[in-house]
Amino acid sequence: MTELPKNYDPSSAAELYKFWLDKGYFHAEVDPSREKYSITIPPPNVTGSLHIGHALGYTIHDVLVRRKRMQGFNVLCLPGTDHAGIATQNKVEQKLAKEGLTRHDIGREKFLERVWDWKNEYGAQILNQFRTMGYSFDWDRERFTMDEGYSAAVKKAFVTLFNKGYIYRGARVINWCPRCMTAISDIEVEYKDQPSHLWHFKYPFEDGSGYVVVATTRPETMLGDTAVAVNPGDKRYEGMVGKMLRLPLVDRLIPIVADDYVDLEFGTGAVKVTPAHDPNDFEIGMRHNLEQIHVIGNDGKMTAEAGKYAGLDRDEARKQVVADIDALGLLDKIEDYSHNVGTCARCGTTIEPMLSEQWFCKMKELAGPAIEAVTSGAVKFHPDRYAKTYLEWMENVRDWCISRQLWWGHQIPVWKCEDCGKYTASEDECDSCSHCGSKNVTRETDVLDTWFSSALWPFATMGWPLSEDLLDYFYPTDVLITARDIIYLWVARMIFSSLEYRKQIPFKDVYIYATVMNEEGKRMSKSLGTGVDPLELVEKYGVDSLRFALISQAGKNQDMRFSDKRVENVRGFANKIWNASRFVIMNLEGYDGKPMDEAKLETADKWILSRLNDTVKAANKGFDNYDMDDAARAIYDFMWNEFCDWYIELAKPRLREEGEGKRNVQAVLTKVLETSMRLLHPIMPFITEEIWQAIPHEGESVMVASYPEADDSLEDKEAEAQMSVVMDLVRAVRNIRAEIGAAPSKPVPLTLICDGDKAELVKKAEVIVKSLAKVDEITFADAIAEGDKGKFMSAHFPGCDIYVPMAGLVDVEKEKERIANELKSVEKDLSKHQAKLDNEKFMSKAPEEIKQKEINIVKELTETAAKLKERLASL
C-alpha cells in the first residue's frame, strides 16, 4: 500500500497518462479469439481547438471505450483529423494576407506547400488537447483525411460512382461565398436573424390593363426575374395565368405561371421568380422551362446581364434598384421585416444563392439502402427520435453538390478532353481521353466537398481499399457518437457510402449527445462572451472534475445547461473521494488482505455491500443504454452519501477495536473502495488510478482491471430496510439537535413510539443509532402524556415518532425570546409582500413571473410563521 498525499493534486494526470501510453493499453491488434469493440472518432478539423462541445462528445467516447476495455473487449478507438478544406485554406490565406500576398500571387503548388506546412505545425493541436483530457485513443493508428492511404480511398470512391453514372456535371443553385469564392455546404452556412424590409413592387401587364404586386426581400435580384408565380388555387389571380408582365427597369416580358410551391399567405400571393439566384425559384424554373439569367457574379457584383447596374456591389445595387422603381411610381410599399440571412460560417459574408456549373452526385439510388438500414433496425439512433430527422432528409434528398472552388482538398480526379469535350475519371494520373484517345486532356481544378471524404471515414481509416485486415475484424464499428446538427450532412453520408462500397452498415448505433448551453440556455460562444474554455477548467479544477461534470449531464435531452460551477462542485466530490480513501488506507494497518468473513458481517456491512451491488447494476444499465448521466449519478450518490457519509462513520468505532471485527470491517472498506474505483474509472480515470494503486488490488492498472458486474449473493434487502430506518431516525435526531442548538459532543436521551416492525429494526441497530446520532439512552414507549409533550422536541417518519427532552439541553426562556424575535421579523416581511398582492395596480401591471415570485414568497413566509408559532406554543 502507498500512503496518499494529504491533499488531492490533479496535476499528476500527465504522469499517469504516460504510464498508460508506455504500457500500450490504448493500442489494439487483430485477435479473433477475443470479442471486439470499435469506434472511429469523428475527426475534428485540423484548424480546431478544444471547445466544450468537443469535451462532452469525446469524453463520452472515452467513457465507453474504457469500460469496454475493462469488460475484456479488444477495443479499437481510432482517432484522426479532417483536412477541413475551406477552414484550413482561410487560415493560410489570412497568413498570406499579412505578407501582402494572395494565393493567386504564389500559385497553386506553392500555396499547397504552405498549407501542408501550416497543417504540420498546428494540425496536431487539438489531438494533443485530447491527450490532456485523458482520452485513451489508439494513437498508433491516427489518420488524416488527406494522408496517402486515405487519398487512395477518396479516388476509388469517386471513380466508382462516376463509372456507375452517379456523378455528373450540371448547373444548379448552390450556396456561394463571394469572399471565399467557392460553393459551400449547408453546414457551412450560419443563419442570422437580421432586421430588413419587404419591398412591394408593381409589375405592369404588357397590355397596360393594370399590374401585379410582388413582394421581395432582395430587390437587386429582380433584374434576373423570368416569371411571376401564383398558386393555382388562388382566386385572386383567376384568369391571369399565362398573361405577360413587363419587368420594370429592364423592360423584359415575363409570364405569370401557376405553381403549387407558392404560399398563398406570403405577401400578395404573387412571387417573383429568379431561377439563377434562388434554389426554389430554380425548381420552379425547371418545371416551367424558364430562362436562367445570372445578374450577380462570383465576386458579389452585378453582371452585364444587370444592364446599367453592372459592376455595382449587390448592396449598392439594391439601393439603386429601389430608388429607380420608386421614381417610376412602381414602389407600392415598404414593410419592416426580419428574416434569417445565410452567412458564411468561416468569414461571415452573406451567402449568395447562385446558379453554377458544379459536379453533382445522384442521390436517389444511394438513398434507398440507407433508408432501409434505419427502418429495419440495422442502425439504431439513440435517442430514437433522431431517426425521424434522418429519414425525413433521406426520403426527400436532392442531388449532392460535391465540388468546391478551393485549392486545399482532394482535387477531383477527372480530366476533360479538349477535343471531344467528354470527361474521364481515373484513380491514377490520366494522359489521354478514355473516349477518343486524345492526349489533349486537362485536370479538373475543383476539389471535393469535405463531406465527400469524411463520408468514407469509418472504413477508409481501417485500410479500405488497400487492406482488409482491420476491416475483417473491427468493421462495422459499434457506435457513432456525434452532434445532432450533422445527422444528414455526415451520418447519412457515412451510412450510404458504407453500404455502397462495403455492402455493410458502418456502425450499429448512433448516439446523438446533447448540445451544451450556458446556464441561461444560450449557445456557447467565445465571441458572444457565453463560452467556457474547457482547458481553463482543467487547469483550475482538474481533468476528472470536468469529465464527471459533463457526463453527469449527458442525458438524452436536447440541450444541457453548463457552467464552471458544476465543475467546481465535482472538485468537491473528488476531494471527498480522496479523503475517504486516505482514511481507509490509514486504517488498514495490520490488515492481511484476506477477504471478509461473510458469516460475521454486521448489518451495516451487509447494507453497504448490497447498496454497492445495486449501484453496479445501475451504472451498467446506464452505460448500456447510453444513459450516462444515470450511471454517473448512481456512482456519485453511492460514494458520497452512503459510503463516505454513512458507512465510514459506522466503521470508525469498529476500527478502534481489535480482532475479527476490525479485520472484517477493513476487508469491507477495501472491497467497497476498490470496486468503486473500478466502477468510476471510465469517467474519472486519473484519480481512480492513483487511489487504486494505493490500496490492495490485483493487476498493474485499474484501466485493465475487470469492470464490476452485479453479484446477487451480495443483495440483502433486509439489511437495506433496517439501515433505511436507522438513517431516517439518525437524520431526524440530528435535525432536532440542530434546532435546539445541542452541542455536537453532548449526548441526548431519546424516546421512541414506533410500530412493532420499526421498533424491532431500531433495537437491532441500537448501537449504530447511539453512535451516529450521539444518543446515550433509547426508551421505547407506547405514548407521551399530553401534558408532557411541551417538554420535548419531536419529529416523525413513517412508523415512528421521535421525542427528545429539552431539559438540560436548552434554556426555555431564551429559546422563547429567540423564536419570538424571529417570528416578529418573519411577520414583518410577510406583511410587506402580502401588501403587494393586495395592491390592484401591482397585480394588473406586473409580469406573470414577478407575480408568481411574490406568491411563492408569501407562501414560504406563511409556512415559516406557522412553524415558529407551533414551536413557541410547544415551549
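How many of the nine residues of helix 16 are buried? The views below come from a predicted model, in which local features need pLDDT of at least 70, side-chain atom pairs count only at pLDDT 80 or more, and totals for chains, interfaces and linings use all residues. Residues are numbered from 1 along each chain as its sequence is written, and side-chain values use heavy atoms, without hydrogens and water.

**View 1. Helix 16 is mostly covered.** Nine of its nine residues, 543–551, are buried (under 20% relative accessible area, 1.4 Å probe, protein chains only). Among them are the charged residues D544 and R547. V543, L546, F548, L550 and I551 are also buried. Helices here are DSSP runs of H or I, at least four residues, numbered from the N terminus.

**View 2. A patch of negative charge lies on the surface.** E109, E113, D117 and E121 form the patch. D117 sits in helix 4, residues 103–122. Patch members have over 30% relative accessible area and no salt bridge, with like charges joined within 9 Å. A salt bridge is a side-chain nitrogen of Lys or Arg within 4 Å of a carboxyl oxygen of Asp or Glu. An α-helix has 3.6 residues a turn, so residues three or four places apart point the same way.

**View 3. The whole protein gives the setting for both close-ups.** The protein has 27 helices and 29 strands (strands: E runs of at least two residues). Its C-alpha trace spans about 105 × 75 × 55 Å along the principal axes. Of the 875 residues, 55% are buried. Residues 24 or more positions apart account for 77% of the contacts with a separation of 6 or more (contact: heavy atoms within 4.5 Å).

Definitions and conventions: Patches are made of residues with over 30% relative accessible area and no salt bridge: like charges are joined within 9 Å, nonpolar side chains (Val, Leu, Ile, Met, Phe, Trp, Tyr) within 5 Å. Accessible areas come from the Shrake-Rupley method with a 1.4 Å probe; for residues, only the protein chains shown count as cover. The place of a charge is taken as NZ of Lys, CZ of Arg, CG of Asp or CD of Glu. Buried means under 20% relative accessible area, exposed over 50%, partly exposed in between (1.4 Å probe, protein chains only).
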